[in-house]
Amino acid sequence: MGAVTEWHHPVPKSRKGRDVVRVHAICHQAIHANFSNAELHRIGLAVERLREHAQMARFLAWVANKDPDFHARTASRRR
């Protein structure tokens with residue numbers, strides 16, 4: 001894990017989520033760019049479901065060889 005991390009609520013606070021996990025800042029932005037709060041609520045702590053999502057899988061493959069503190073602007077949500 002890099003020095004720059006953020007706390008992510010797998011189940012959004014707006015949906016009564018209390019658990020938090022540490023994620024890279026760029027990954028946190030990608031999660032929120034690709035999933036609505038309703039989708040995150042349904043996924044919950046099932047990290048594999050996030051990783052299986054087509055856009056997230058592409059993002060994770062791209063970011064895998066970057067420095068742990070790498071940061072770049074994340075594209076806006078497209079739906």
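Reader: Hi! How many helices and strands are there in the protein?
Author: Hello! This is a predicted model, and the protein has four helices and two strands.

Reader: Thanks. In what order do the elements run from the N terminus?
Author: The order is β-β-α-α-α-α.

Reader: And how much of the protein is buried?
Author: Of the 79 residues, 30% are buried.

Reader: Let's go inside, then. Which residues make up the largest nonpolar core?
Author: There are eleven of them: Ile-26, Cys-27, Ala-30, Ile-31, Phe-35, Leu-40, Ile-43, Leu-50, Met-56, Phe-59 and Val-63. Helix H1 (25–34), H2 and helix H4 (54–63) are the elements that each give two or more residues to this core.

Reader: Which element gives the largest share?
Author: That would be H1, with four residues. As general background, nonpolar side chains tend to be buried together in soluble globular proteins.

Reader: Changing topic: where is Leu-45?
Author: Leu-45 sits in the loop between helix H2 (37–43) and helix H3 (47–52).

Reader: Is Leu-45 buried or exposed, and why?
Author: Leu-45 is exposed, because its relative accessible area is 55% and the cut-off for exposed is over 50%.

Reader: Which residues does Leu-45 touch, again not counting those up to four places away in sequence?
Author: Leu-45 touches Pro-10 and Asp-19. Asp-19 is 26 residues from Leu-45 along the chain, and their C-alpha atoms are separated by 8.9 Å.

Reader: One more loop, please. Where does Lys-16 lie?
Author: Lys-16 is in the loop between strand S1 (5–8) and strand S2 (21–24). Lys-16 also counts as exposed, at 64% relative accessibility.

Reader: And what is phi of Lys-16 near?
Author: Phi of Lys-16 is near 75°, a positive value in a residue other than glycine. For context, most residues other than glycine have a negative phi.

How values were computed: Residues numbered from 1 in each chain as written. Predicted model: local features only at pLDDT ≥ 70, side-chain atom pairs only at ≥ 80, totals over all residues. Heavy atoms only, no water. Buried < 20%, exposed > 50% of the residue type's maximum accessible area, 1.4 Å probe, protein only. Contact = heavy atoms within 4.5 Å. Core = buried A, V, L, I, M, F, W, Y, C linked by side-chain atoms within 4.5 Å.
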